[in-house]
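Student: I'd like to learn how to read helices and their packing. Could you walk me through it?

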Amino acid sequence: MLLDPRTLRQAAPAATAHRDGGRELPVEPQARGTIPPDPVGPDSLVGIPRVQTNPSRWNGASWDAFVSDLARAGVDVREEKGTRAAFVTDAGGLAFGMPHGVVTARSAEQVAAVLSAAQARRVPVTTRGGGLTTEGESVAFGGLQLDMTGMSRMVWVDREKMLARVQGGMFWHDMAEVLRRQGLDYISAPLNFTSSVGGTLAVGGIDVNACRHGCSADQCVAMEVVTPTGQIVECSEDRNPELFERVLLGYGQFGVVTEATMRVRPYTPCRMHYLFYDDLRTAMEDLIVVVRSDATDYSGILTMKDRANNLLFAFDSEEREKDFFANVRPKLRGLTEMQFAVRAAGFYALRPWRIEEALWLYRRKKLLLPEFERPEHLRDGKMFDRTVVFSRAVWRHWGNRTMVIPDLATSEEKFIEAILRGNRVMRKYFAHYTLYCVAIRLSGNRPRYEMSCIPPDARDWAYGCEFEPMFEPGEYSRDHLQSFKNAIYDVGVEMRTSYYRFGGSMKGYIRRVFGDAVVDRQLEFKRQADPAMILNPDVVF
Amino acid sequence: MISPSPRNVDVLVVGASLSAAACAKRLVDAGLETVVIERKKLPRHKVCSGILSPRGHRFLIENFGPLPREVLHEPTSCTGVTFHFPSAPSIDIDFFGGPTPHLYRKQSDWWAIRRSGVEVQDETSFARLEAGDGGVVVHATHRGRPQEFRARWVVGADGPTSMVVKAVYPEYQASIPWFMVGQKFHQIEACPLDTRYFHFWFHPALGHYTWSHARDGRQIVGVGFDVGHNFDRAHANVVKYLGKRHGVRLGPAQDSEGCGENFGLSLVNRYVFGRGRVLITGQAAGFLNMMAEGMSAALHSGAICGESIVEAAFHGEPAQAVYRRHIASEVRRCSDQWNPLQIAFGRPHEADFWKALGPLGIGERAKVIAEILAFIRLYARFKWGREILGQAVHRLIRGGYDEARWW
């Protein structure tokens with residue numbers, strides 16, 4: 001007997017089954033988003049829903065007909081292996097998938113043609129901007145990869161209203177380049193060179209100034225969206241507000257963002273300050289003080305393991321800086337670099353068996369701190385492009401080909417306990433690591449926050465922490481990394497928090513953390529918007 | 001139907017078991033042209049207790065989807081393991097996270113293979129391999145006719161008596177100790193052993209591996225015996241003991257089966273991972289957890305093997321080197337289960353032995369430990385003690401096991 005998936009393409013997919021002794025064995029997966037009862041036992045794997053998180057590769061049924069449809073509509077699908085192989089994984093580097101073909105998006109009309117043909121032929125479409133997902137959300141497990149980087153222009157800038165209209169596939173860094181020639185800047189964006197505007201709006205986008213300005217998605221005032229059925233719809237808080245709220249923080253389930261109108265602001269360099277803590281809890285308590293004071297324009301915590309904790313904050317204006325140092329700084333318990341060095345030297349002198357940790361901290365400091373003070377990014381003590389500085393540091397000194405950064409997003413009340421528990425997980429799995437914490441200001445109680453990185457019990461601010469292992473001295477298998485991510489996410493389930501990112505290979509957690517009622521409501525919205533469930537099919541449901 | 005020889009593929013996987021399915025899943029996902037060959041006609045029978053660990057259960061769900069009823073025996077799940085002793089009280093040890101599947105291996109393996117999306121060719125026996133131009137040439141036999149595959153990489157996922165291991169290391173299989181296990185299926189007249197549990201006897205007089213559990217209305221009684229020894233006699237001895245000690249009354253055995261196991265490699269960290277473009281994985285590589293559970297380690301090592309080939313394929317690195325770097329975490333996890341320091345001070349198993357001892361009095365606890373130690377003496381003749389201790393110390397100091405000991 002020969003079982004060849006290429007011959008299966010011709011078969012009706014839902015009916016593919018194998019007969020054995022008169023018993024039909026189901027081959028096809030359950031309907032997307034639903035969870036069948038488990039015959040093993042109701043009390044087996046307690047709390048873990050039966051979700052296939054490493055998707056099956058789509059079998060290619062109807063692919064050829066789909067490509068012909070698109071050819072007639074004038075859309076070019078690239079099928080050569082070299083092109084497809086460029087999309088084999090994402091920044092996470094743990095999920096591998098190969099699309100059947102790639103379309104580079106050029107216009108909303110073209111995206112609409114792709115999606116309406118995909119809907120008719122039931123071909124999965126996976127969108128990708130910068131590919132900076134970490135759980136395979138932008139990886140196509142067969143089907144079509146819609147590469148949005150072809151739509152990367154600034155459409156217009158309105159200096160009076162302080163708005164800019166950008167295409168969905170534009171990287172934030174390119175957006176900044178255009179804006180800064182006019183003395184403008186985006187408000188907040190992920191600290192990364194190559195995240196796209198459209199992709200960011202779908203998940204959140206956290207900057208070190210999110211404590212003051214909220215996530216990137218909250219900077220958006222209007223969008224042009226291509227729905228999963230191929231309609232081009234303009235939406236905002238006034239026009240089609242429902243769609244607007246679903247697409248923002250919607251994990252790409254309700255439409256493809258082809259254009260977005262974003263709030264902008266005058267460009268200002270920022271002045272950075274650092275305080276040092278040897279105790280993680282104290283650093284987190286002080287971060288909360290800083291965030292609540294609303295006296296800084298930027299704030300966050302960056303640690304080396306949990307021994308050297310750096311509370312960083314920055315200002316756009318000198319008045320605010322002065323205010324802060326007069327009113328808030330006296331309440332903080334952080335040390336200067338020199339004070340910290342003296343304390344640390346004393347600590348390790350009494351604990352010679354921890355010499356390896358001490359040396360690692362010292363080497364890390366020597367390597368990392370100059371990265372934040374490189375002369376080409378500083379003028380008169382002010383940092384001229386925080387994105388460049390942070391992005392460069394992140395890509396050079398964290399992770400490698402695999403970016404493993406599970407996270408917890410919590411309310412203020414749960415922040416400290418959740419991160420301390422996560423820190424214990426971190427110590428168990430890795431010799432060396434970094435934690436990165438920031439606060440995210442909420443803009444009221446918006447529908448977009450349901451089932452998103454904003455936890456349901458957060459008020460005014462949400463707090464998040466990324467747990468970032470270092471891959472020295474060894475390498476780790478995907479399995480080890482996945483177990484680590486599961487352990488961090490388990491903390492989230494037990495404490496009812498949320499996550500910055502929870503799709504793709506972590507989607508098994510969605511029902512656990514948000515509950516069935518919320519997920520089923522979202523699933524119903526999804527089924528209405530995308531009857532064939534083809535748009536980013538393996539990301540959430 | 002059969003492609004004309006030679007068939008060019010990216011990866012040829014030998015064996016159609018769980019490790020092969022996990023490996024194939026990673027390869028197929030990444031778009032590599034992969035063929036699985038299997039000696040028997042699929043779905044094929046497999047001698048196995050079928051009790052999968054919770055970690056393995058989770059792997060199956062995450063990678064192949066929720067389990068259909070057809071891949072399970074009756075009872076469909078196993079709550080834990082009951083340890084029995086010559087005189088100490090029996091103790092129940094429950095798996096973490098609730099009961100775990102009782103897999104019907106004939107169907108579960110076939111289901112996983114099909115869910116991986118890989119192309120399968122059954123009734124095809126691996127014969128030999130040789131280095132080819134930028135790859136490996138594999139000679140196989142399909143229904144008596146010779147067939148040739150040219151693969152960039154070959155994966156040996158063909159179990160303890162792996163033909164691929166034999167081809168790469170002709171001297172290997174004669175150099176390791178072999179253990180025989182056999183089981184018989186009985187009609188039940190009266191069986192007070194709890195059907196929710198897998199029962200295991202730490203009893204030196206019964207044999208080095210003695211177990212019993214319920215399956216599809218019958219009772220399995222299994223026993224380990226030395227190569228060349230009489231299975232029937234060892235088995236009859238156990239049945240007699242079960243009757244006397246536990247009041248188990250069984251009808252005559254209806255079916256009987258057995259197999260050889262390469263037990264011991266994970267204890268002493270002597271795994272075999274292949275050479276060059278030939279990678280070995282699953283139980284063929286020596287992965288076997290405590291209680292002879294090989295399935296979860298097979299799934300995870302198979303996946304790591306697939307990932308390593310994918311990484312090699314897309315980054316132009318030697319797959320063997322990538323595999324050996326990545327497999328270290330699974331080696332750590334599996335060998336930790338046998339590492340006395342880990343057992344004493346860590347929690348390497350998916351069930352908490354020390355917690356299960358909790359309700360016993362101090363005297364009873366001491367008796368349990370003493371009887372386990374007396375049982376372990378059965379293995380003294382293999383002289384593994386020093387090696388196990390050496391590896392335990394290496395693990396303590398270096399954080400991992402010595403990679404130089406791998407074949």
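Tutor: Helices here are DSSP runs of H or I with at least four residues, numbered from the N terminus, and the expected span of a helix is 1.5 Å times one less than its number of residues. This is a predicted model, in which local features need pLDDT of at least 70, side-chain atom pairs count only at pLDDT 80 or more, and totals for chains, interfaces and linings use all residues. Residues are numbered from 1 along each chain as its sequence is written, with chains lettered from A and ligands numbered from 1 in the order written.

Student: How many residues does H7(B) have, and what does it span?

Tutor: H7(B) has 21 residues and reaches 30 Å from its first C-alpha to its last, close to the 30 Å expected at 1.5 Å a residue. Just after H7(B), Gly316(B) takes a positive phi of about 65°.

Student: Is H7(B) buried or exposed?

Tutor: A residue is buried if 20 or more other C-beta atoms, placed from the backbone, lie within 10 Å of its own. In H7(B), 19 of the 21 residues are buried, so this helix is largely enclosed by the rest of the structure.

Student: At what angle do H1(B) and H7(B) pack?

Tutor: Axes are lines fitted to C-alpha atoms over the stretch in contact, and angles run from 0 to 180 degrees between N-to-C directions. Helix H1 (residues 18-29) of chain B and helix H7 (residues 295-315) of chain B pack at about 30°, their axes 7 Å apart. They are therefore roughly parallel (under 35 degrees).

Student: Which residues make that contact?

Tutor: Contact means C-beta atoms, placed from the backbone, within 7 Å. Among them are Leu18(B) and Ala22(B) of H1(B), and Met295(B) and Leu299(B) of H7(B).

How values were computed. Helix = DSSP H or I, 4+ residues; strand = E, 2+ residues; numbered from the N terminus. Parallel < 35°, antiparallel > 145°, perpendicular 65-115°, else oblique. Contact = placed C-beta atoms within 7 Å. Buried ≥ 20, exposed ≤ 12 C-beta atoms within 10 Å, placed from the backbone.
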